[in-house]
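Here are my notes on the model you sent over.

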Amino acid sequence: MLRTGQTFAGLRIVGSLGVGPAGETYLIKPPQGAQEDILLLLPESRGSDPAYRQAFFTTAAQAGSLDHPAVVAIRGYGEEQGRLWIATEYLLSPTAEALVRQSGPLSVQDAAAAVIAVGGALDQARARGLARSEVAPSDVLVADGPAGRRYRVTGFGIPEAGGPAGQRADQAALGELATFLLSGGASIGQRVTTMRPELSPEVDEVLARVRRPAGERYESCGDFAAALATALLGAEGTALAQTLNEPTVNEPTANEPTRVVGGPAGATMPGATTPITPGQGAPGAGAAVPPAVPPAGGAPGHGATMPAYPAVGGPPPGYSPAGPIPPGGPIPPGFPAGGPGGTGGSSGNRTAVLIAGGVLIALILVVGVTLALVLPGGGDDETTTASSSSSTSPSTSASPSSSVASDPAVVGGVPTACVAGNGTRRGTSPNLEAGPIRIPSEALPAGWSPDPGGQMPFLVRSDGIVVSRPAGQNWQAQLLVGALPADFTGDLRAIGRKIIECLPDMPGYQNTNPRTPVIDSEREDHPEDSDMQVLIFRGKVPVSRGAITSDDFTLLIADTTPRSISLGYSANNDPLSRGEVDKAIARTQVMTR
């Protein structure tokens, strides 16, 4: 395993994302880069297998030539210390599988757009010798942004088990993906209309065709996607397919290459202007991949030149930067003080990354610094606030005060009665801050407004922001950090569960018929070299408000002094806010004792 802070192939290891059948996965920063990428380090046995090495370099080169907008970009690949590696673009977005499992089948418009986008990517890959026989819902990322929803496909660059895909196998894979998106993963046999009777029978006919023998399928994935879009949306679907399919299959262009290294000694590969097809041979030193952004110089001696990113401002005093990472891995070792190779004293920083059930949690553990470093410009009152509001329909405001409104009946350091905390007061800091916990301003979603004084369980002070979503439904999504009473010193899990239990009692849920909260996942972690305990809960508060059937929440509770939380809410039919909340909570920063 690589260590956090170590340099590998010219890339700085930011954290471990875990180990799986495909190999070891890490969050990395390229030379001079300000954003993170993902590094997959393949098992040692792969590098010692000549046939696999040949297939890897050929496949990685083909994947690196892809420039379709629905493809997650390959940043580089090579061989270092006998290990094959590939680096890809890092996107903080949920997978189609997670989105559908959480919110149900996609709308016909979204399903059509997803299949068209993925189909275009598969067609370009096939044209460049990289056909796929499987595209799982977990391979498709769903990114919501100002320009609308986009779908991106991961998994290119690693040879598929069993060798090259059969003729038009990618269509069958795309058909399985389409069925999942439209049915929500339910067992429906051969007919989507069994679950979605409002759909035209033509939808079943289109999907049935890609399950036939290869010669009876469509000419391309794009043709299949267009037929499905038309069956789903009529003329609107035909127009959508024509618009989105324009860049589907392009010949490779002579983009400025990103250098990647490794491979058989003396082997060479044509530049990015020539697509590689199976059997041409594996690339070696000097292999080129079109970059997503202009390249920059790599670290001497490592042979990898990865894309550079615009520089960003440094962290506030007392904190170190740490980006969020995808789910799936354990806590990586602490980041050495003073950066890679540094030797720090007691004032050095440790970076710990926590993963919890799809929630992306990055905690900055600041060792040996005083609270004053966290609170620029003065004391708590200037930068932290009282308790925040619920994310649901309009909250009942409460004036800030210095203590919780009534006695929560603390027994053994754990509250036994539900009590509304103090009203939120937004401070002057651009960050969300409350005592020992904060979310930095650069991680906060744009367009949100200060919470106007709502209440959450127990919080002595908190800082929160809200946004009215979904549109026209008199509902709010919310993000906050908060500090708990000093006598909440008991079992952290019991305190976290009590906070969740008390959520329906808060003023913001009035007239919504809230029911007992459901905890979908719970995870505990202990950052290395720290005795701080952190728990992360994900779940929902069932409600009855038209199309809104629940408020989905993410709660992080940390064993700081005093205990503190990050909390985010969004309606079950508001994936945009859910993504923004998870991204912000992923950047939570806390002070260690």
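1. Is Cys502 buried or exposed? Cys502 is buried, at a relative accessible area of 0%. Buried here stands for under 20% relative accessible area, exposed for over 50%, and partly exposed for anything in between (1.4 Å probe, protein chains only). Before you go further: this is a predicted model, where local features need pLDDT of at least 70, side-chain atom pairs count only at pLDDT 80 or more, and totals for chains, interfaces and linings use all residues. Residues are numbered from 1 along each chain as its sequence is written, and side-chain values use heavy atoms, with hydrogens and water left out.

2. Now the disulfide. The structure holds 1 disulfide (a pair of cysteine sulfur atoms within 2.5 Å). It joins Cys418 to Cys502, with the sulfur atoms 2.1 Å apart. The pair links distant parts of the chain: Cys418 sits in the loop between β14 and β15 (432-434), Cys502 sits in helix α10, and the two are 84 residues apart. Helices (H or I, at least four residues) and strands (E, at least two) are DSSP runs, numbered from the N terminus. The torsion about the S-S bond of Cys418 and Cys502 is about -80 degrees, so this disulfide is left-handed.

3. A salt bridge here is a side-chain nitrogen of Lys or Arg within 4 Å of a carboxyl oxygen of Asp or Glu. By this rule the count comes to 26 salt bridges.

4. A few individual pairs are worth a click. Asp67 and Arg128 meet in a salt bridge, 3.6 Å from N to O. That pair links distant parts of the chain, with Asp67 in the loop between α2 (50-64) and β5 (74-80) and Arg128 in the loop between α4 and β7 (140-145), 61 residues apart. Asp67 is partly exposed at 34%, while Arg128 is buried at 2%. In another pair, Asp204 and Arg191, the closest N and O atoms are 3.4 Å apart. Asp204 belongs to helix α6 (residues 201-209) and Arg191 to the loop between α5 (169-183) and α6, so this bridge ties together parts 13 residues apart in sequence. Here Asp204 is buried at 5%, and Arg191 is partly exposed at 44%.

5. Arg578 and Asp582 also form a salt bridge, the closest N and O atoms being 3.6 Å apart. Both residues are buried. They are 4 residues apart in helix α11 (residues 575-585), which means about one helical turn separates them.

6. Which residues touch the most other members of the largest nonpolar core? Of its 61 residues, they are Phe56, Phe156, Leu181, Phe224, Leu228 and Leu232. Helix α4 (residues 108-127) gives the largest share of this core, 12 residues. A nonpolar core is a set of buried Ala, Val, Leu, Ile, Met, Phe, Trp, Tyr and Cys residues joined through side-chain atoms within 4.5 Å. Leaving aside neighbours within four places in sequence, Phe156 has contacts that include Ala63, Leu66, Ile86 and Leu130. A second, separate core of 28 residues includes Trp475, Val541, Tyr569 and Ala571.

7. Most residues other than glycine have a negative phi, and most peptide bonds are trans. The Arg469 to Pro470 bond is cis, with omega near -10 degrees, and Pro470 lies in the loop between β18 (461-468) and β19 (476-483). Thr561 to Pro562 is cis too, with omega near -5 degrees, in the loop between β22 and β23. Phe458 has a positive phi of about 75 degrees and is buried at 0%. Asn513 has a phi near 50 degrees and is partly exposed at 47%.

How values were computed
Contact means heavy atoms within 4.5 Å.
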